Amino acid sequence: MITRIPASPESVQKVPGEPHEIRLDALTVDFDERFRLVDIDWRLADDQHWMITGANGSGKSALAASLAGAGQVLAGRLTGLPANVALVSYETQGQLIEAERRKDDADIMDVISEGTSVREILQEGCQDDALCSTLVEQFGLSGLMDRAFRKLSTGESRKVLLIQALTSKPDLLVLDEPFDGLDAATHRMLADHLASLAEHVPMVLVLNRFDECPDFITDIAYVEHGSLLHSISRQDEQAYAELYQLLHLKTTDLVVPSADPVSSLPALDNEQPLVRLNQVSIRYGDTTIFSDLSWTIERNQHWQLTGRNGSGKTGLLSLITGDHPQCYVNDIFVFGFQRGSGESIWQIKQYIGYVSTALQWEYRVSTSLRHVIISGFYDSIGLYSKYTDRQREIADQWLALLGMADRADQAFNQLSYGDQRLLLIARAMVKHPPLLILDEPCLGLDDMNRQLVLALIEKICAGTETSVLYVNHHPEDRIAGIDHHLSLDPA
Amino acid sequence: MANYFNTLPLREQLAQLGKCRFMHLSEFDDGVNALKGKKMVVIGCGAQGLNQGLNLRDSGLDVSYTLRAEAIAEKRQSWRNATENGFTVGTYEELVPTADIVLNLTPDKQHTAVVNAIMPLMKRGACLSYSHGFNIVEEGMKIRDDLTVIMVAPKCPGSEVRAEYVRGFGVPTLIAVHDDNDPNGEGLELAKAYAVGTGGHKAGVLMSSFIAEVKSDLMGEQTILCGMLQTGSLLCFDKMIEEGVDAGYASKLIQYGWETVTEALKYGGVTNMMDRLSNPAKIRAYDLAEELKDIMRPLYQKHQDDIMNGNFSATMMADWANDDAQLLGWRAETAETPFEKTAAGDMEISEQEYFDNGILMVAMVKAGVELAYETMTSAGIIGDSAYYESLHETPLIANTIARKKLYEMNSTISDTAEYGCYLYNNACVPLLGDFMKGIRSDVIGRGLKLNDMSVDNARLIEVNQSIRSHPVEAIGATLRGYMADMKRIV
């Protein structure tokens, strides 16, 4: 959702032509006692465009959100904020999805709530209908206007929020990872639009990837442990290079903890493939997402799956995991079961480790980090079973690997976004499943953690019996050892 | 058809009302085996029908949907729900004769027509399942002797039944077997397997009776769950306006206040909800609740009596026969109330402020929960049952008010609940007239605003003890304990 600052005595009406600056003076901001920005001194001039960067959990998103009035100011001053600040972030996206979900959760008897349509979401706060229509077209959302917002894919709902922000005539535009989850064409289109918008609207972009930094960015803020460590000008090449280096920490040697010999899975027939889809399709009403798709994943094969936003990547994966209801009307053979022959979904899921952005949003439980990893043994979101000492030991080894050994009892929902992702990958791998599905595992991660994740996946590819199925947009995120490729884009 | 409950001798009535036992997880070791390979046909594809069906199919069971021929021909929402999810859909004539078990998941009002239509089509020795016993108990529907009749009633909305299953958990579920229709003695095995198929066994299953389910469900929904929240909303809003509180603020305090204060109830019962108040406010809320309970007790008793002797269902069925004239009239009246017509303001209200400025709302929830529980248990309903039908469901209803006020609550609850809610409200608003005259904005709208927060120790101990020792607190602590792992962020 777009966050607007209510006009307060300290918010400023801009006078055209007059230079003006936003000032953070010794500002300390508390975010629900989970995180604190400490003693921030920062000046943002009218003619500057900033990139905020730093490691996962450093406070990048918090600093950006503070410009939109998030958090509680404990000390210092924040002055000169314009009246209309638009913010788009994973957090705002998650909140809106959660709000839509609650509309549905709350029904009591027998009404299926469709939720708010994309059209209604876009109309809210729109100041420029013409621009809105153009962007809807450019983002390829024209066909989705009457779809319920919560039924959109991750990439699609991101686009809706971006359009909402861009059309609100903001005085300051704050975008937290705007390019994440967009395919290459959409990425270019948005970058171009932002570049033209930059001529009259100051911007603050939170970016994990240096290589995504648009040309119009004039200054870079580097955040660590809630403090603004460096703020450098883009023109200072020396400082820019050092900062890049700082984010590229060397990956450590990784050793994947072993599986639990006691709770091992029922053996699979080595002669049969793990997955065999025969001419499968997904259809909603008259819309066909894909059809006539056949695909076989043999044991010990590693696959990469690509496709533009909305091409049905996640749908295809959920036919395999059994999360898609249409898996019962397709010819699907997985882990020795012909789907729809009386098997239960838990018999399928026991062979799969799964990580995605959607799973991260689903994982709304205040369970401890250790329990999140142990829940991977039971394929549950939250832990509802008594676990063994051995399982606990294995979970602790994974925590040590991730550098989180001292946080085993901390609550999962208090972790930063990137740390949550690392933990969910560990959860998925903890039982050494025959098939590990990673649906855009690097979405929302910074360079350092991205390298850590990719290194971890390479280790898994090389050193375990697990077949990896990897879905990703970024061509540069290739993984050594993945040699099979399936594209859902039309040839 | 005659009211079934009223045909039973007193000792049988008491025995049925007193049936309620929390089942042990080991009683479900047989899993879904009793239903394996059997053909399950669901009637109705609303939120309960669809989501229960999705769970049962994911548990390895054979599920299809039967709809009326018109619903299929016109491709209505229920048809789309079923087909888009990959289920076989057919008419009654096509599917019911093939069914080993028919799951009737239609609204109460349709039960008589639906059951009369399908009963002749059902095969000999099959099973008919309900998720609410109104048709059997209040309408006295007589089911063919060779058919087994069971009930499996998840105590949560359909969307949650699905969401919890997908997480690897489930929702608390009530099961029952209709003793008059258990010719092969297999009813309990089937009901247990069904509860496993929906995931309910993981969150706790209550073994009850059709009668206990109906008489407690009706009582809970008309009084504390919907009636008290509606009456409280209307009275608190009018009072705040009279006291000069900003209308937008008053509207928001009520619309989101019920959800916020009952969230505390969900986690830690009445005790925790009261503990969210400052000490002086807690004592005020306690005193107000005691006063409210004395005034409203006869009304709760009247509702329970009318439910027990069948007056309630007879009155409501007369309205069904009269094209819902009363129901629709009351619905329209509710839409015209000042609370309903005033939009919530856009000011911030912090979570704690809902407690601090909503002392009377907290008192109303406490009084309503305790009275409903006391009245049900004194009428022979077991505490576990009374807990689920009062305290447990209050936050679920409060969520609907947060969405779109009373309109949303009344349009998402069943027509049966809605009708009872208006009966309650129409009696309770005048009943509290004198009481409300003594109310000022310190307990609703503005908070106590005390400089001195001190209280008398002895008095505080007395109040705390009284809150904590209410029987709904002990049973609640036990039942919530079974779900301790379900610590979710809502």
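1. Helix H11(A) is followed by A:Asp379, whose phi is positive, near 55°. The model is a predicted one, and the angle given for A:Asp379 is a value computed from it. Helix H11 of chain A itself spans residues 369-378.

2. How many of the ten residues of helix H11 of chain A are buried? Nine are, so the helix is largely enclosed by the rest of the structure. The buried set in H11(A) consists of A:Leu369, A:Arg370, A:His371, A:Val372, A:Ile373, A:Ile374, A:Ser375, A:Gly376 and A:Phe377.

3. Strand E6 of chain A, residues 172-176, is mostly covered, with five of its five residues buried. Both faces of E6(A) are covered: A:Leu172, A:Val174 and A:Asp176 lie on one side, A:Leu173 and A:Leu175 on the other, and all are buried. In a regular strand, side chains alternate between the two faces of the sheet.

4. E6(A) has partners in strands E5 and E7 of chain A. Strand E5 (residues 85-88) is joined to E6(A) by four bridges, and the two run parallel. In that pairing A:Ala86 stands opposite A:Leu173. Four bridges also join E6(A) to strand E7 (residues 203-206), again with the strands parallel. Here A:Val174 stands opposite A:Val204.

5. Chain A is assigned two domains, domain 1 (21-247) and domain 2 (275-487). Their centres, taken over C-alpha atoms, are separated by 27 Å. Contact between these domains of chain A involves 21 residues of domain 1 and 21 residues of domain 2. On the side of domain 1 of chain A that touches domain 2, helix H2 (90-105) and helix H5 (154-166) each supply at least two residues. The residues of that side of domain 1 of chain A divide into six nonpolar, nine polar and six charged.

6. The secondary structure of chain B comes to 25 helices and nine strands. Its radius of gyration is 23 Å, close to the 23 Å that the globule rule gives for 490 residues, so chain B is as compact as a globular protein of that length. Along the principal axes, the C-alpha atoms of chain B fill a box of roughly 75 × 45 × 45 Å. Of the 490 residues of chain B, 53% count as buried. Among contacts in chain B between residues at least 6 apart in sequence, 80% join residues at least 24 apart.

7. The largest nonpolar core has 152 residues, and those with the most contacts inside it are B:Val102, B:Val261, B:Ala285, B:Leu360, B:Val362 and B:Ala363. Helix H12 (residues 210-242) of chain B gives the most to this core, with 16 residues. Where does the core lie relative to domain 1 (20-208) and domain 2 (212-482) of chain B? Both domains give residues to the core, so it lies between them. Apart from it lies another core, of 63 residues, which includes A:Leu274, A:Ile297, A:Leu456 and A:Val471.

8. Leaving aside neighbours within four places in sequence, B:Leu360 is in contact with B:Cys236, B:Leu288, B:Ile439, B:Val443 and B:Ile444. In soluble globular proteins, nonpolar side chains tend to be buried together.

9. B:Thr148 is found in strand E7 (residues 148-154) of chain B. Is B:Thr148 buried or exposed? B:Thr148 is buried, because 24 other C-beta atoms lie within 10 Å, against a cut-off of 20 or more. Leaving aside neighbours within four places in sequence, the contacts of B:Thr148 are B:Cys127, B:Asn181, B:Asp182, B:Pro183, B:Asn184, B:Glu186, B:Gly187 and B:Leu190. B:Thr148 and B:Ala2 are 146 residues apart in sequence and 20 Å apart in space, C-alpha to C-alpha.

10. B:Ile475 is found in helix H25 (residues 471-482) of chain B. With 22 C-beta neighbours inside 10 Å, B:Ile475 counts as buried. Not counting residues up to four places away in sequence, B:Ile475 touches B:Gly383, B:Asp384 and B:Tyr387. B:Ser78 is 397 residues from B:Ile475 along the chain, and their C-alpha atoms are separated by 39 Å.

Note on methods. Residues numbered from 1 in each chain as written. Chains lettered and ligands numbered in written order. Predicted model: local features only at pLDDT ≥ 70, side-chain atom pairs only at ≥ 80, totals over all residues. Core = buried A, V, L, I, M, F, W, Y, C linked by C-beta atoms within 7 Å. Buried ≥ 20, exposed ≤ 12 C-beta atoms within 10 Å, placed from the backbone. Domains from an automatic or database assignment. Contact = placed C-beta atoms within 7 Å. Nonpolar A, V, L, I, M, F, W, Y, C, P; charged D, E, K, R; others polar. Rg over C-alpha atoms; globule rule 2.2 N^0.38 Å. Pairing = 2+ DSSP bridges.
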